[in-house]
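Please look through the model below before reading on.

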Amino acid sequence: MRIGMQINYAGGFTESVADVVELEKAGLDIVFVPEAYSFDAVSQLGYLAARTERVGIASGILQLYTRTPTLTAMTAAGLDYVSNGRFTLGIGASGPQVIEGFHGVRYDAPLGRTREIVEICRQVWRRERVVHEGRYYKIPLPAEEGTGLGKPLKLINHPVRERIPIINAAIGPKNVALTAEIAEGWQPIFFHPEKAAEVWGDALAEGKAKRDPALGALDVSVMVPVAIGEDVAGLVDYVRPVVALYVGGMGARGKNFYNELACRYGYEAEAKQIQDLYLDGKKEEAAAAVPADLLNAMSLVGPREHVKERLAAFAEAGVTTLQITPLEPGPQRRAELVRELRDLLT
């Protein structure tokens, strides 16, 4: 099982990268740089590549709608080049709030767009002349839709790898099935090991039945809050506002993917309460309403033996990469946590 970490996108990036340099020495395997409506992830990934030597770097995630498919492919190839083959392309649909609210782009057909983007990216990386006649993307642009001067082109540079790993962020059954079919990796959110098979098992099986064996086994990369010790149980409460934000505030009533996930986990009443409170501006009350058993299930918080048991549960559920969120402060403690997890996994 790989150990990864997501960099904070809200500020302090230079300090975070200095931290990653030390975490790399401690055994960190991969670092994810998000792109919500913050600074772009690409410039920060380039900086990260220059400051590190071994650790993998990944976008976590680049949103489907904000770049053309060929630009996404060019960007991934460029980041793979400057990192000497260490880049993983994390993509995802995000949601209407960000895509339409911040980018002013229509949020539509995430599944169809995901499939076509992946196909186009792999054409670019193989240095084929890009020709794509899809429902959502047509390359070159048909003559009747433009000047008529477009022609098939191939990437000028020779990529480090002709197949850069792609991780797709997905939680809906259809998107999870698509991910298991076409991507190297899958990134769910708020992963509950004991309920994962019930919620996603059929979708994963459907996708894997169509999967190209050349893709290898599906990498399952989950975000996990972590604190190890005898008196750290209360630290899991730090996660409450994040869960409340997503389940309560990321979307609207009747259109919130994360709220739907909580319902599929069996927390229908709690999900409704969290959303009602959050949308009424009662964010602290919404956070307090997040079920403790959900927080504990999706976290690695407690004494070493408890954490070891929970690691086994994540492994049993198919997790292959942990994106840890250390809940204890200080760069030295974060490095110690990576070493402790590495020890517990061996």
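What follows is a walk through some strands, a surface patch and several salt bridges.

This is a predicted model, in which local features need pLDDT of at least 70, side-chain atom pairs count only at pLDDT 80 or more, and totals for chains, interfaces and linings use all residues. Residues are numbered from 1 along each chain as its sequence is written, and side-chain values use heavy atoms, with hydrogens and water left out.

Begin with strand β1 (residues 2-6), which is joined to strand β12 (residues 321-326) by four bridges, the two running parallel. Helices (H or I, at least four residues) and strands (E, at least two) are DSSP runs, numbered from the N terminus, and two strands pair if DSSP finds at least two bridges between them. Arg 2 has Thr 321 as its bridge partner in β12. β1 also pairs with strand β2 (residues 30-33), in the parallel sense and over three bridges; here Met 5 is partnered by Val 31. Together with helix α1 (residues 13-26), β1 and β2 make a right-handed β-α-β unit. Right-handed means that, with the strands pointing away from the viewer, the path from the first strand over the helix to the second runs clockwise.

Strand β8 (residues 166-169) comes next. Strand β5 (residues 87-92) runs parallel to β8 and is joined to it by four bridges, with Gly 90 partnered by Ile 167. Three bridges join β8 to strand β9 (residues 185-187), again in parallel, and there Ile 167 stands opposite Gly 185. Between β8 and β9 the chain passes through helix α6 (residues 173-182) in a right-handed β-α-β crossover.

In a regular strand the side chains alternate between the two faces of the sheet. In β8 both faces are covered: Ile 166 and Asn 168 on one side, and Ile 167 and Ala 169 on the other, are all buried. Buried means under 20% relative accessible area, exposed over 50%, and partly exposed in between (1.4 Å probe, protein chains only).

Tyr 81, in helix α3 (residues 69-82), is exposed because its relative accessible area is 60%. Tyr 81, Val 82 and Val 160 make a nonpolar surface patch of about 310 Å². Ala 50 is found in helix α2 (residues 41-51) and counts as exposed because its relative accessibility is 66%. The C-alpha atoms of Ala 50 and Ser 83 are separated by 7.2 Å, although the two are 33 residues apart along the chain.

Side chains of opposite charge can pair when their charged atoms come close. A salt bridge is a side-chain nitrogen of Lys or Arg within 4 Å of a carboxyl oxygen of Asp or Glu, and by this rule the count comes to 20. One of them joins Glu 181 and Arg 115, whose closest N and O atoms are 2.9 Å apart. This pair links distant parts of the chain, 66 residues apart: Glu 181 is in helix α6 and Arg 115 in helix α5 (residues 110-125). Glu 181 is buried at 16%, while Arg 115 is partly exposed at 30%.

Arg 304 and Asp 343 also meet in a salt bridge (3.0 Å, N to O). Arg 304 lies in helix α13 and Asp 343 in helix α14 (residues 331-345), so the pair ties together parts 39 residues apart in sequence. Both belong to a network of salt bridges that links Arg 304, Glu 328, Arg 333, Glu 336, Glu 340 and Asp 343.

How values were computed
Patch = residues over 30% accessible without salt bridge, like charges linked within 9 Å, V, L, I, M, F, W, Y side chains within 5 Å. Areas by Shrake-Rupley, 256 points an atom, 1.4 Å probe, with all protein chains shown as cover.
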